[in-house]
Amino acid sequence: LVCGWKCPSDESVVSYRKSQAIARLLEEYPDGAKKRNNKGETPLELALSTSTTWDLGIRRLVRAFPKAIKFACPTNGLYPFMLAAAAADPDNNDNEETSRDIQAIRTIYGLLRSSPKVLINCFE
């Protein structure tokens, strides 16, 4: 599944192609955003776990299947905004925000803005 393609943060060509592939797949098969793999993961969860950003595919997946924001990932129990947070650079020790960190923050913000109630649901 294209949503699970891993893209190193410095590979903008790969990230762009992944974004275009997600857009094309959703155009051709919008219900694909609702499907789950054999582990029960949605395309949104797969995309987030491979550091896909809001602007490069997550927004499209959320628009195609907004309810996916409310599901915890069956493999790790994390909600989508938590998966996006895990994409930030854990090795950044110089107190400067990297481009990857900024994109992760934008993705978290987009997810929470799309469904603020998920914060309440995940702590119940």
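## Starting from Ile102

Ile102 is partly exposed, with a relative accessible area of 36%. On this scale, buried means under 20% relative accessible area, exposed means over 50%, and partly exposed is in between, using a 1.4 Å probe and protein chains only. Ile102 lies 49 residues from Thr53 in sequence, and their C-alpha atoms are 9.9 Å apart in space.

A word on the source: this is a predicted model, in which local features need pLDDT of at least 70 and side-chain atom pairs count only at pLDDT 80 or more, while totals for chains, interfaces and linings use all residues. Residues are numbered from 1 along each chain as its sequence is written, and side-chain values use heavy atoms, with hydrogens and water left out.

## The chain as a whole

The protein chain has 6 helices and 0 strands, which gives the pattern α-α-α-α-α-α when read along the sequence. It has 124 residues, and 39% of them count as buried.

Contact here means heavy atoms within 4.5 Å. Taking the contacts between residues at least 6 apart in sequence, 61% join residues at least 24 apart.

## Helix α3 and its buried face

Which residues of α3 are buried? They are Trp54, Gly57, Ile58, Leu61 and Val62. Seen down the axis of α3, these buried residues fall within an arc of 145 degrees, so they line one face of the helix; the arc is that of the directions from the helix axis to the C-beta atoms.

The buried residues of α3 pack against α1, α2 (43-49) and α5 (99-114). Two of these partners, α1 and α5, are described next.

## Where α3 meets α1

Helix α1 (residues 12-28) packs with helix α3 (residues 54-64) at an angle of about 20 degrees, and their axes are 8 Å apart. Axes are lines fitted to C-alpha atoms, for helices over the stretch in contact, and angles run from 0 to 180 degrees between N-to-C directions. The two helices are therefore roughly parallel to each other; angles under 35 degrees count as roughly parallel, over 145 as roughly antiparallel, 65 to 115 as roughly perpendicular and the rest as oblique. The crossing of α1 with α3 is left-handed, meaning that the near helix is turned anticlockwise from the far one by less than a right angle, whereas clockwise would be right-handed.

On the α1 side, the contact is made by Ser15, Ser19, Ile22, Ala23 and Leu26, and on the α3 side by Asp55, Leu56, Gly57, Arg60, Leu61 and Ala64. By class, these are 6 nonpolar, 3 polar and 2 charged residues; Ala, Val, Leu, Ile, Met, Phe, Trp, Tyr, Cys and Pro count as nonpolar, Asp, Glu, Lys and Arg as charged, and the others, Gly among them, as polar. Also in α1 is Gln20, which is partly exposed at 36% relative accessibility. Gln20 and Gly57 are 37 residues apart in sequence and 8.1 Å apart in space, C-alpha to C-alpha.

## Where α3 meets α5

The axes of α3 and α5 come within 10 Å and cross at roughly 15 degrees. That makes α3 roughly parallel to α5, and their crossing is right-handed. Trp54, Asp55, Ile58 and Val62 of α3 make the contact with Gln103, Arg106, Thr107, Gly110, Leu111 and Ser114 of α5. This contact has 4 nonpolar, 4 polar and 2 charged residues.

## A residue in the loop

Ser51 lies in the loop between α2 and α3. Although Ser51 is not a glycine, it has a positive phi of about 65 degrees. Ser51 is partly exposed, with a relative accessible area of 27%.

Terms used. Helix = DSSP H or I, 4+ residues; strand = E, 2+ residues; numbered from the N terminus.
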